[in-house]
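Have the model open as you read.

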Amino acid sequence: MSDYRIEEDTLGAVKIPVDALWGAQTERSRNNFSTGAKMPLEIIKALLQIKKAAAIANKEVQAISADKADLIVESIDQLLSLEDADLRKDFPLVVYQTGSGTQTNMNVNEVVAHVAQRINSKIEILPNDDVNHGQSSNDIFPTAMNITAAMAVDKLEEATQHLIDELKQKQAKYWKVVKIGRTHLQDATPLTFGQEVSGWVSALEHDLDYLKTLNKTLGELAMGGTAVGTGLNAAPGFADKIADQMSQAYEHEFTAETNKFYGLAAHSGLNVVHGAIKTLASDLLKIANDVRFLASGPRSGYGELNIPANEPGSSIMPGKVNPTQAEAITMAAVRVMGNDVTVNVAASQGNFEMNVYKPVLIYTFLESAELLTGTMTSFADKMIAGLTVNEKRMAELVDQSLMTVTALSPHIGYHESAEIAQQALHDGTTLKVAALKSGKLTEEQFDKWVVPIDMTNIEEN
């Protein structure tokens with residue numbers, strides 16, 4: 001028995017593995033493009049959902065027979081019920097293929113048609129004429145891109161909120177724990193750790209707001225534009241019906257009310273939303289670095305924070321604990337920043353009526369969202385949740401700091417206060433010793449004026 005079968009397309013005969021559900025065009029792509037990651041299954045599933053909706057819409061407008069439409073729907077439901085590992089077997093194409101995603105669209109068309117033939121061989125289902133009826137790769141692939149991107153951002157928003165919630169617990173718990181502030185990497189005036197955390201929380205809340213505001217633009221679907229945006233061969237109302245069904249299937253608001261020439265040639269929505277993802281990555285990089293620097297030590301660094309000991313930190317140094325969750329999320333952040341360049345350039349390549357960087361654009365976008373969603377969740381659960389404060393160390397550093405001298409300025413002047421601070425540094429003494437030595441104030445005045453908690457202007461949280 002042969003291990004392959006012969007199928008034909010417009011270019012001629014093609015040998016296809018005998019058990020494969022794909023057809024000739026998929027096989028040609030499989031042979032011509034073999035480098036890089038596979039097309040994300042999220043895209044495959046979205047294309048299947050769109051084609052299911054298209055079959056229902058085509059049935060309603062009598063563009064294809066009810067028997068064909070019902071069989072297409074049944075075939076797609078069967079595919080969507082598969083586990084990811086089983087689904088992947090029949091969707092082998094890579095990201096780096098044709099820039100329109102046409103070969104992946106045809107992969108889906110061919111697989112659906114073959115599954116339909118296995119279910120009911122008496123009804124002929126053709127990949128182009130039936131499964132792809134009223135569609136073009138040029139409008140269906142960007143539709144799938146926006147849908148998968150929107151869903152990925154929804155998950156990212158949930159992960160961001162989860163980290164905010166964990167940080168808010170630390171903010172409340174340590175609201176009145178005084179520590180030294182730092183600017184320019186140098187000692188500054190005191191604040192509380194709760195106040196410091198509140199800054200991290202606010203940054204993330206702003207990022208979350210940016211994502212929620214911008215995510216709406218991903219709800220605009222190119223469906224109905226077909227080849228160049230004119231809607232050739234798509235029935236009236238076809239795109240609106242699909243958008244309605246996508247809204248129900250994904251529980252997310254989608255609309256076909258958009259300029260189709262824009263939808264095929266530009267991916268501004270993906271570009272601007274990824275910009276917000278990059279901004280989130282930048283803030284996460286700052287927060288994670290702050291945490292790991294403040295936890296440095298435990299004896300020869302800042303030592304202000306205690307981090308969970310999740311795993312041994314060294315293959316040679318016993319007992320070492322490293323801030324691995326911070327390292328993971330910062331690596332993810334820099335990857336996202338690099339991805340933003342890819343998205344920017346890819347989105348700019350809308351030559352004439354179509355952008356032909358679609359696969360790499362959506363692959364990169366989804367990678368960024370997935371990286372931050374996963375590492376942010378782990379960072380929240382495996383570092384922030386177990387984070388504690390070394391209050392003794394924080395108090396020591398405040399006591400040793402020279403910048404509490406700022407509290408003296410309103411009473412004895414900036415110049416005299418600076419002289420006291422410089423003298424303390426020169427003599428290696430505390431600020432109080434230098435202040436009393438200067439003769440410019442009494443011990444009672446120093447104790448009244450230099451009160452670190454008062455310098456924070458702390459309010460009830």
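This is a predicted model: local features need pLDDT of at least 70, side-chain atom pairs count only at pLDDT 80 or more; totals for chains, interfaces and linings use all residues.

Residues are numbered from 1 along each chain as its sequence is written, and side-chain values use heavy atoms, leaving out hydrogens and water.

Start inside. A nonpolar core here is a set of buried Ala, Val, Leu, Ile, Met, Phe, Trp, Tyr and Cys residues joined through side-chain atoms within 4.5 Å; buried means under 20% relative accessible area, exposed over 50%, and partly exposed in between (1.4 Å probe, protein chains only). The largest such core has 108 residues, and F193, F365, L372 and F379 touch the most other members. Helix α7 (residues 137-173) gives the largest share, 14 residues. Helices are DSSP runs of H or I, at least four residues long, numbered from the N terminus. Now pick out F365: beyond its neighbours within four places in sequence, its contacts (heavy atoms within 4.5 Å) include A149, V153, L218 and H274. A second, separate core of 15 residues includes V405, I420, L431 and A434.

Next, look at helix α13, which runs over residues 358-384. Its 27 residues reach 37 Å from first C-alpha to last, close to the 39 Å expected at 1.5 Å a residue (that is, 1.5 Å times one less than the number of residues). Of those 27 residues, 19 are buried.

Finally, the charges. The whole structure holds 20 salt bridges, each a side-chain nitrogen of Lys or Arg within 4 Å of a carboxyl oxygen of Asp or Glu. In one of them, R30 pairs with E27, with the closest N and O atoms 3.1 Å apart. Why are R30 and E27 separated by about one helical turn? They sit three residues apart in helix α1 (residues 24-32), so about one turn lies between them. R30 is partly exposed at 31% relative accessibility, whereas E27 is buried at 4%.

D84 and K45 also meet in a salt bridge, at 2.7 Å from N to O. D84 lies in helix α4 (residues 84-88) and K45 in helix α2 (residues 41-60), so the pair ties together parts 39 residues apart in sequence. Back at α13, E367 meets R335 of helix α12 (residues 324-347) in a salt bridge of 3.1 Å, N to O. Here E367 is buried at 19%, while R335 is partly exposed at 45%.

How values were computed
Helices (H or I, at least four residues) and strands (E, at least two) are DSSP runs, numbered from the N terminus.
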